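Reader: Before we go through the assignments, could you set each value beside the rule behind it?
Author: Here is the model, and the questions can follow.
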Amino acid sequence: MQAKKRYLILFSAGACLILLFCFGGIQVPLSRRGPNRRDDRSLSGYHPGARWRRFQGPMQSFSSWERDWSDDHDGHISPRQKRDANSGVNSGKRCRMDSCFDFSLCERKGFKVYVYPQQKGEKMSESYQNILSSIEGSRFFTPDPGQACLFVLSLDTLDRDQLSPQYVHNLKAKVQSLPLWNGGKNHIIFNLYSGTWPDYTEDLGFDIGLAMLAKASISTENFRPNFDVSIPLFSKDHPRTGGERGYLKHNTIPPYRKYMLVFKGKRYLTGIGSDTRNALYHVHNSEDVVLLTTCKHGKDWQKHKDARCDKDNAEYDKYDYREMLYNSTFCLVPRGRRLGSFRFLEALQAACVPVMLSNGWELPFSEIIDWNTAAVIGDERLLLQIPSTVRCIHQDKILSLRQQTQFLWEAYFNSVEKIVLTTLEIIQDRVLQHTSRSNLMWNSLPGGLFTLPQYSTYLRDFPFYYAKLGIKPYSKFTAIIHVVTPLISQSQPVMKLLVAVAKSQYCAQVIVLWNCDKPLPAKHRWPATSVPVIVIEGESKVISSRFLPYDTIPTDAVLSLDEDTVLSTTEVDFAFTVWQSFPERIVGYPARSHFWDSNKERWGYTSKWTNDYSMVLTGAAIYHKYYHYLYTTYLPASLKTMVDQMSNCEDILMNFLVSSVSKLPPIKVTQKKQYKETMMGQSSRASRWADPDHFAQRQTCMNKFASWFGTMPLVHSQMRLDPVLFKDQVSILRKKYRDIERL
């Protein structure tokens, strides 16, 4: 019993000591506190034993608490954080959209971007000029800063390497003096190169404040999620617009090439970025794994050469880089002096699956792109395992990765314009979150730049996702007949056309677009039909009004018709059934083609009946109504104004747009042989088709459009779709579209 009492007393005493310690009754000095903590007791509000602040007035905001906490806990801040705080370079390091962006500026005119006017005497690199030109040529640009939501500097911030001839001096003072700077709020700064020898830090040399950063080679440590944008490192020769197509022309099964894994580049003997490249020779086998490096770069490379340099240089010169790139399944993309590398975009274009070896690199556009579907993300510390890792990837996966590299290259990376527009679209999605794109829109054809969420946020409203969703387009169409001549008699072609179209089992309604200078005819002048006929007076009587996104179009499909088109009900039905299988394309009857005139060094236009075509004219064609929205909002006003002034080429421009989006040719369907002659014989258009100026204008349009798109998007095709049993020697009663053969 005595022993039990002693144990109980000891236990009680121990419990009391613990309670006293927990509630501050006993002060235990902490040796880890620095000397700057000695005067803590003299701070206002401090008294022994108190663990909480005494509030002298109203409660402080969270931001004030954050600053006070940081001041009171210097002992827990890393040396890097202290340097950043002292230099002021990362004063906005904690920035996010909700704390460092003024959304109210975007509520007035939507998402508009203002570019500061260039200051006299300020030098600007060609790459930065291309960035600014891309913004100024986009639908986001506004010359009025009062309407802007986002601001872009005219001061060149791309190259912040102090040893570079493109380096802009005194940038800090120049930026701070800008009248609209406002601490960097609602600004975006583009940068490709930061830091200099020997450590190549990510310091831009001036305080970016609250500005967003669109930066190449940015690390995950310094990247501010959903605020900054990681962009790819691109060369000064990267095209401003258009850009080359990917090099994958056809798929090979199995998808293996001559080499399994390749790399050819510089080897750094000392300094940052040298470790990985110095170790590549361990996995090089001169057969299917060819990893080549050279020491021969820089002015004094011979002073630093090691025992392997001569052998490496000799091996390096044996191989052609382009030949390796196009004939390899995987391409190694190790870090250079900075995290990013030109090899990244080169591999994407060549359909060579990138194998990333750059720990800590925030991959380009990582906010929207799922890089696991297009690249292999490796680890620099596991270099020796890379060959065995890529050999284990199944051929189905390789094929999928390769196809995705081509999609991403052409959708977001093959020109400066696409890199810039992707950056702006990402920011717009953050600002207008209720109309932002889904992951599927960004990572599948045609990509986020062509699926505008302002049109709809539902996948089924676009012509690109029916197969993925397992659905079909709405089984009706809306016919739009473009009328430019007055209604004189009931025997005019437009009256016959209206009746024939309205009889189609798939017709939901007919819209007559009245672009004639004469007043609208009375309602009783139009024929009676089983479907509604809506007459709309064209906006400003311009030809582009036929492609406006009218609210009165309830169907997915639009049947676009000229007033002098001659089509039967059977032909309309067949064309619509074909379109239902190809909703992302133009499907129709009158076909035209383009060609390259090597003598005149320009694009040519031909209406000759040949064995291939690249356009289907919208005088008798079916397409998805989304293209009306794209035509109106995506295309620049300059092209539409040119079309309206000439009253010509609107059909060519629509073909350019649809082929640019789909990367596919239109589809021509069966028509009667006399179609062309019938068209030529109509009085309303005879002068137009026979006029040589009309044809010359269309030649000019071809080259103007190709210049704006930066490339020729039209694709040739030799396919024509006929009804099953068309012209077959069987009973006419067995044929579904038998009337087509009688015409």
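Reader: Which residues line the largest cavity?
Author: The lining of the largest cavity consists of Val262, Phe263, Lys264, Tyr321, Leu325, Cys331, Leu332, Arg343 and Ala347, where a cavity is a set of points on a 1 Å grid over the protein atoms alone at which a 1.4 Å probe fits but cannot get out, and lining residues have an atom within 4 Å of a point. This is a predicted model, in which local features need pLDDT of at least 70 and side-chain atom pairs count only at pLDDT 80 or more, while totals for chains, interfaces and linings use all residues. Residues are numbered from 1 along each chain as its sequence is written, and side-chain values use heavy atoms, with hydrogens and water left out.

Reader: What makes Cys295 and Cys309 a disulfide?
Author: Their sulfur atoms are 2.2 Å apart, and the rule asks for a pair of cysteine sulfur atoms within 2.5 Å, so the pair qualifies as a disulfide. The torsion about its S-S bond is about -95°, so this disulfide is left-handed.

Reader: Why is Cys309 called buried, whereas Cys392 is called exposed?
Author: Buried means under 20% relative accessible area, exposed over 50%, and partly exposed in between (1.4 Å probe, protein chains only). Cys309 has 0% relative accessibility and therefore counts as buried, whereas Cys392, with a relative accessible area of 68%, is exposed.

Reader: And why is His694 buried or exposed?
Author: The relative accessible area of His694 is 7%, so His694 is buried.

Notes: On a 1 Å grid over the protein atoms alone, a cavity is a set of points where a 1.4 Å probe fits but cannot get out, and a pocket is an open set with protein on both sides within 12 Å along at least five of seven lines; lining residues have an atom within 4 Å of a point.
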